[in-house]
Amino acid sequence: MTPSTLIAAGRKVPDFTLPSIRGGSVALTDLLREGPVLLVFVESDCPTSRLTLSRLEPLRGPFAEAGARIVAMHQDPPHVAARVMRAAQARFEALCEAPPYEVSRAWGLESVPTAILVDRDATAREVIVGWDAEDFDRVAARVTPSGGGPPARVTREHPARKPGCGARNTYDAAAPAAGAGEFDELEDLFERGWTDGLPVIPPTRERVDRMLGGADPARSLGPVPPGLGEARLERVAACAVLAGCRPEYFPVVVAAVEAALDPAFNLHGMTNTTHSCGPVLIVNGPVRTAIGMNAGINAMGGWNRANATIGRALRLVIGLTGEGAPGGLDRSTQGQPGKISFCFAENEEASPWEPLSVARGIPPGLGAVTIYTGDAPMTISDHYSREPERIIDTLALAGSAIWSPSVFPIAAQTVFAICPEHAESFRLAGWDRKTVAARIFEASQRPVTSLRRGEQSPILSALPEDMILAKWSSPDEIVLVVVGGEAGRFSSVLPPWVGYGLGSEMVTKPIGPVA
Amino acid sequence: MTDLVSPFDEATRPPSPPAPRLDTLAGRRVTLLSIGKPKTMEFLNEIERLLEGRGVVIRRAAKPSFARPAPREVIDEVAAASDAVIEALAD
């Protein structure tokens, strides 16, 4: 076994000067002038480090009364260290070390957390590796002589002991020092975790103020499930900046967040589910053209700034403010690319029908955003049919595969995105929204005997073979939106999340000035 | 560093401490809580079978939807009537 390099109790310790998360630099000699110091070496990826910081916070007061202090020694950049301290609710001093971690190396650090109690004469008196409640109690007793009251102690909560992690100086000390000296603001945002995995725009105070356009930054749209961070307008604006929105998109983003926070939408469930659905935003009204949204060619496929960034801004509000990031509180088994951003405008100009927003009760001429828990669109080709009945059959057959092919009915609102050419066939037939929805519903009907392959739920298993079922429980569940370019007989279905009133209801909110 | 506006709610919410651990199962009221997903009942039935003969007072409760948080009244009712809860998750 390799002998330990860690500085031992009884040895003199080397001095250092390191930056503080509060700005400026701090030297060990200056700290020791005021009294003993418990240095706690930590790093952000180590759960034991984070646990130790939070569990030492209650000792901060008793240490201060005894003229001593606790100082966290982070192997992280200042902004990361600041976040770790905030998360741990630890309010003691925090210093930061950058690669190649010369202080950690000089102290022979091997793992984190490592806590070293240094006396005023710069001698190490106690060394604790990992979390050990008894050891910290001993240090507390040594530093804070009990004046008759109960001794300062750390929590008795489980775990009493927990090993730590390898210290960064042991594995990436040779990493290029570029990161230490040169600050890259885009890389910084990745380190903060303020991203969906794509580059983001730094939400500087100036950019956020421009996004707010005079709106009250402190006004909250409510807590964002699942983590329940408050959607203060300032944070929503920060997400809009991160996503790349222009300020004129902000009213749409705010309406989208309001729609997502409507209890009927069930953002909590949509985020936590193992299903792949995500928020789909459909925009109606004059705002579409005013901010340059795309309702035509490739409208659901990005490459339009408004479409791409409004949907992304909502995802960032959910994932960051709402702490609903995948792998954390978002438990989607597979996910799908629409969870990066899924926002488009209805092609009202090519539609034979009233706008979706109007069909959902918003007065004509007003901007509105409709939110839906949708899965990735499945494109449905029908190039030969000119008879609307045949197009309906094609849509119904394809739509019957969604959720799971043998599950009838799914009892969930389902969006069919109708292309302008198919919409024109329906216009020529004089079919309105209700007629098309009713015909898709009817065309989906089939006998139970045809559903005997694939998944068999207990309910389906018990049904008689000759019973006729439709894919939906009512034609009202079929929602039509017209979108896409003028050429191409490709419509699509946006499969829904769970039905039967368990999941989510579509919500439409008007878009207005943000104050 | 530039002044950046955080998208996170940095307000610290105190963590809820875990309930005290049971020192024994004998005579304790244990609620088996179904979240209503497929195969939940198979799971809970097996748990109940494993608890048989250990003096546990077993009761059942259920969430109305696995896709939404439990309503407050369900949480309150379960908390009041139980020394421990085993929640069946999913699938």
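## Ground rules

Residues count from 1 along each chain as its sequence is written, while chains are lettered from A and ligands numbered from 1 in the order in which they are written. Since this is a predicted model, local features need pLDDT of at least 70 and side-chain atom pairs count only at pLDDT 80 or more, while totals for chains, interfaces and linings use all residues; side-chain values use heavy atoms, with hydrogens and water left out.

## Where chain A meets chain B

Chain A puts 39 residues into the contact and chain B puts in 23 residues, with contact meaning heavy atoms within 4.5 Å. About 2500 Å² is buried between the two chains, and carbon and sulfur atoms give 56% of that. Buried area here is the accessible area (1.4 Å probe) that two parts lose on being put together, summed over both.

Nine residue pairs are in polar contact between chain A and chain B, both residues at pLDDT 80 or more. A polar contact is a pair of N or O atoms within 3.5 Å; within protein, one must be able to donate a hydrogen and the other to accept it, and residues adjacent in sequence count only if both atoms are side-chain atoms. On the side of chain A that touches chain B, the elements that each supply at least two residues include α3 (78-88), α8 (205-212), β13 (229-232) and α13 (305-321). Helix α9(A) gives the largest share, five residues. Helices (H or I, at least four residues) and strands (E, at least two) are DSSP runs, numbered from the N terminus. That side of chain A splits into 15 nonpolar, 13 polar and 11 charged residues, where Ala, Val, Leu, Ile, Met, Phe, Trp, Tyr, Cys and Pro count as nonpolar, Asp, Glu, Lys and Arg as charged, and the others, Gly among them, as polar.

## Salt bridges across the contact

Two salt bridges run between chain A and chain B, a salt bridge being a side-chain nitrogen of Lys or Arg within 4 Å of a carboxyl oxygen of Asp or Glu. One pairs D3(B) with R205(A), the closest N and O atoms being 3.9 Å apart. D9(B) and R235(A) also meet in a salt bridge, at 3.5 Å from N to O. D9(B) sits in the segment before β1 (29-34) of chain B and R235(A) in helix α9 of chain A, so this pair joins two chains. D9(B) is buried at 11% relative accessible area, and R235(A) counts as buried at 11% too. Buried means under 20% relative accessible area, exposed over 50%, and partly exposed in between (1.4 Å probe, protein chains only).

## Salt bridges within the chains

Over all chains, the count comes to 38 salt bridges. In D330(A) and K339(A), the closest N and O atoms are 2.7 Å apart; D330(A) is buried at 3%, and K339(A) is buried at 11%. Chain A also has a network of salt bridges linking E43(A), D45(A), D76(A) and R168(A).

In chain B, D83(B) bridges to R29(B) at 3.2 Å between the closest N and O atoms. This one links distant parts of the chain: D83(B) is in the loop between α2 and β3 (84-88), R29(B) is in strand β1, and the two are 54 residues apart. D83(B) is partly exposed at 33%, as is R29(B) at 32%.

Chain A is divided into domain 1 (17-170), domain 2 (185-344 + 357-367) and domain 3 (376-496), with bounds from an automatic or database domain assignment. The centres of domain 1 and domain 2 are 39 Å apart, taken over C-alpha atoms.

Two cis peptide bonds are worth a look. One runs from P99(A) to P100(A), with omega near 5°, and P100(A) lies in the loop between β5 (93-96) and α4 (102-106). Another runs from F408(A) to P409(A), with omega near -15°; P409(A) is in the loop between α15 (388-399) and β18 (414-418). W403(A) is in the loop between α15 and β18 as well, and has a positive phi of about 65° although it is not a glycine. W403(A) is partly exposed at 40%.

## Two buried loop residues

G244(A), in the loop between α9 and α10 (250-261) of chain A, is buried at 12%. Leaving aside neighbours within four places in sequence, G244(A) is in contact with I201(A), R305(A) and T309(A).

S65(B) sits in the loop between β2 (57-62) and α2 (72-81) of chain B and is buried at 8%. The S65(B) side chain reaches the backbone nitrogen of A67(B) at 3.0 Å. Not counting residues up to four places away in sequence, S65(B) touches L502(A) and I35(B).
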